[in-house]
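These are my notebook entries on one protein model. I set out to record what the structure shows, entry by entry.

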Amino acid sequence: MGQNIGFEQYGKGEEFLRPVVVVKKFSKHLFLGIPLSSKTKNGFFFHTICFKGRENSALLLQSKTFDAKRIKYRLAKLSENEFKKLVEKFCEVVTPTPNGKGSA
């Protein structure tokens, strides 16, 4: 997805490529995505998924809208079950709590 800034995780190679799960397509130009890391990370703001025989961590805090022009190629498709679990965890992270604080 290209070079990032601040606390965002960098991708690999000259183009800083990073896999991203497309969560929701808003138009042919814009989608909501969750970047992945090849390193397994634990905690409330991460979710482990498995595809292509490897474990990856979804970086839930780094979810954002992306322009479809940033997509280089399609790597794989998550199983329906893996995608459902990821979306459920994402909803937990972004749902406001009564006291206004996160669960971290």
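**Entry 1. Nonpolar core.** I looked up the largest nonpolar core of this predicted model. The core holds 14 residues, and I noted Ile34, Ile49, Leu60 and Leu86 as those with the most contacts inside it. At least two residues of this core come from each of strand 1, strand 2, strand 3 (46-51) and helix 1 (80-94).

**Entry 2. Isoleucine 49.** I then listed the neighbours of isoleucine 49, leaving out residues up to four places away in sequence. Isoleucine 49 touches Val21, Leu36, Leu78 and Leu86, and also Arg54, Glu55, Asn56 and Glu82.

**Entry 3. Leucine 36.** Is leucine 36 buried or exposed? I found a relative accessible area of 2% for leucine 36, so this residue is buried, the cut-off being under 20%. Leucine 36 is placed in strand 2. Beyond four places in sequence, I recorded contacts of leucine 36 with Arg18, Pro19, Val21, Ile49, Phe51, Ser57, Ala58 and Leu59. I also checked valine 20, which is 16 residues from leucine 36 along the chain; their C-alpha atoms are separated by 5.7 Å.

**Entry 4. Strands 1 and 2.** How do strand 1 and strand 2 run? I read strand 1 (residues 20-25) and strand 2 (residues 30-37) as antiparallel, joined by five bridges. A hairpin of four residues connects strand 1 to strand 2. Within this pairing, I located valine 21 opposite isoleucine 34 of strand 2.

**Entry 5. Asparagine 56.** I placed asparagine 56 in strand 4 (residues 54-59). Its relative accessibility is 9%, and therefore asparagine 56 counts as buried. Which backbone oxygen does the side chain of asparagine 56 reach? I found that of arginine 54, at 3.4 Å.

**Entry 6. Cysteines.** I looked for disulfides, taking sulfur atoms within 2.5 Å as the rule, and the count came to zero. I checked the accessibility of two cysteines. Cysteine 50 has a relative accessibility of 38% and counts as partly exposed. For cysteine 91 I noted a relative accessible area of 38%, and this residue is likewise partly exposed.

**Entry 7. Valine 94.** I found valine 94 in helix 1. With a relative accessibility of 47%, valine 94 counts as partly exposed. Leucine 61 lies 33 residues from valine 94 in sequence, and I noted 8.8 Å between their C-alpha atoms.

**Entry 8. The protein as a whole.** I counted one helix and five strands, and their order along the sequence is β-β-β-β-β-α. Of the 104 residues in the protein, 31% are buried. I looked up contacts between residues at least 6 apart in sequence, and 52% of these join residues at least 24 apart.

**Entry 9. Confidence.** I noted the highest confidence in helix 1, at a mean of 94, and the lowest in strand 3, at 89.

Key. Residues are numbered from 1 along each chain as its sequence is written. This is a predicted model: local features need pLDDT of at least 70, side-chain atom pairs count only at pLDDT 80 or more; totals for chains, interfaces and linings use all residues. Side-chain values use heavy atoms; hydrogens and water are left out. Buried means under 20% relative accessible area, exposed over 50%, partly exposed in between (1.4 Å probe, protein chains only). Two strands pair if DSSP finds at least two bridges between them. A nonpolar core is a set of buried Ala, Val, Leu, Ile, Met, Phe, Trp, Tyr and Cys residues joined through side-chain atoms within 4.5 Å. Contact means heavy atoms within 4.5 Å. A polar contact is a pair of N or O atoms within 3.5 Å; within protein, one must be able to donate a hydrogen and the other to accept it, and residues adjacent in sequence count only if both atoms are side-chain atoms. pLDDT is the predictor's confidence in each residue, from 0 to 100.
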